[in-house]
Amino acid sequence: MNPHAQAKRKFLLWVSIAGVVGLGLGMIIGRFGFCDDTEKNSVPGIPDAIVQDGDPEVTAEIINQINSENIRRYLQELSENPHLAGTDADYKQAKELQEFWRSVGLDEAFITPYDILLSYPETKNESLMNQIFVYNSAGQEVWKSALYEPILDPSENKSNVVPPFNAYSAPGDVSSVSQ
């Protein structure tokens with residue numbers, strides 16, 4: 001190998017080593033020179049007053065005002081009637097919630113409309129409703145899913161309950177062959 005090429009290779013090796021050592025030292029200096037470990041709640045661009053823990057007295061006041069009976073009643077009211085997303089029943093419930101939040105003192109409550117793609121089940125023609133069948137190897141039906149879920153409590157017997165369906169699934173046949 002010629003001496004000029006050998007010197008050039010040696011020079012590039014030393015430049016590479018110096019670059020790696022310099023990068024490592026820069027990272028160490030940057031970590032310990034500019035980072036303060038005492039500021040655990042610090043978030044860049046957000047005042048520490050917002051990030052700090054809340055006043056324990058306010059927290060205790062809020063916790064003491066939680067009433068499990070209210071939660072139970074609200075959940076029962078919210079789930080009393082079906083309200084499939086995007087339906088009139090869903091909008092009616094959104095309006096009721098908006099009025100509730102305003103009645104308890106919230107300054108503003110908005111209902112924001114969205115344009116989205118939703119899948120809805122067939123609810124009138126039972127022959128078109130989603131149903132799952134399982135057949136044995138002889139082609140005989142061994143199991144069929146119910147079109148409606150059983151009523152477990154008389155209070156759940158609502159005429160407008162949405163039947164079970166596989167959202168976003170196309171009708172068709174799926175086969176499996178054992179190997």
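**Rings, contacts and pockets**

Colleague: How many aromatic pairs does a search of the whole structure find?
Modeller: This is a predicted model, where local features need pLDDT of at least 70, side-chain atom pairs count only at pLDDT 80 or more, and totals for chains, interfaces and linings use all residues. Residues are numbered from 1 along each chain as its sequence is written, and side-chain values use heavy atoms, leaving out hydrogens and water. Rings of Phe, Tyr and Trp (its six-membered ring) pair if their centres lie within 6.5 Å; planes under 30 degrees apart are stacked, over 60 edge-to-face, and the rest tilted. The number of aromatic pairs found is three.

Colleague: What kind of pair do tyrosine 74 and phenylalanine 100 form?
Modeller: Their ring centres are 5.3 Å apart.

Colleague: How many residues apart are tyrosine 74 and phenylalanine 100?
Modeller: Helices (H or I, at least four residues) and strands (E, at least two) are DSSP runs, numbered from the N terminus. Tyrosine 74 sits in helix H4 (residues 68–78), and phenylalanine 100 in helix H5 (residues 88–103). The pair links distant parts of the chain, with a separation of 26 residues.

Colleague: Is phenylalanine 100 buried, exposed or partly exposed?
Modeller: Buried means under 20% relative accessible area, exposed over 50%, and partly exposed in between (1.4 Å probe, protein chains only). Tyrosine 74 has 30%, which makes it partly exposed. Phenylalanine 100 has 27%, so phenylalanine 100 is partly exposed.

Colleague: Is the pair of phenylalanine 133 and tyrosine 135 stacked or edge-to-face?
Modeller: Their ring centres are 6.2 Å apart. The planes lie at 20°, so the pair is stacked.

Colleague: How exposed is tyrosine 135, as relative accessible area?
Modeller: Phenylalanine 133 is partly exposed, at 35%. Tyrosine 135 is partly exposed too. For tyrosine 135 the relative accessible area is 47%.

Colleague: Which residues does tyrosine 135 contact, leaving aside neighbours within four places in sequence?
Modeller: Tyrosine 135 is in strand E1 (residues 133–135). Contact means heavy atoms within 4.5 Å. With those neighbours left aside, tyrosine 135 contacts Gln140, Glu141 and Val142.

Colleague: Which backbone atom does the side chain of serine 145 reach?
Modeller: Serine 145 lies in the segment after strand E2 (141–144). At 13% relative accessible area, serine 145 counts as buried. A polar contact is a pair of N or O atoms within 3.5 Å; within protein, one must be able to donate a hydrogen and the other to accept it, and residues adjacent in sequence count only if both atoms are side-chain atoms. At 2.8 Å, the serine 145 side chain reaches the backbone nitrogen of isoleucine 132.

Colleague: At what distance does the side chain of glutamine 98 reach the backbone oxygen of alanine 109?
Modeller: Glutamine 98 is in helix H5. Its relative accessibility is 8%, so glutamine 98 counts as buried. Not counting residues up to four places away in sequence, glutamine 98 touches Ala109, Phe110 and Ile111. The side chain of glutamine 98 reaches the backbone oxygen of alanine 109 at 2.7 Å.

Colleague: How far apart in space are valine 174 and valine 134, C-alpha to C-alpha?
Modeller: Valine 174 lies in the segment after E2. Valine 174 is exposed, because its relative accessible area is 83%. Valine 174 and valine 134 are 40 residues apart in sequence, and their C-alpha distance is 9.7 Å.

Colleague: What is the volume of the largest pocket?
Modeller: On a 1 Å grid over the protein atoms alone, a pocket is an open set of points where a 1.4 Å probe fits, with protein on both sides within 12 Å along at least five of seven lines; lining residues have an atom within 4 Å of a point. Grid points are joined across faces, edges and corners, and a volume is the space filled by probe spheres set on the points. The largest pocket holds about 870 Å³.

Colleague: Which residues lie closest to the centre of the largest pocket?
Modeller: The lining of the largest pocket has 27 residues. The closest to the centre are Pro82, Lys158, Asn160, Val161 and Val162.
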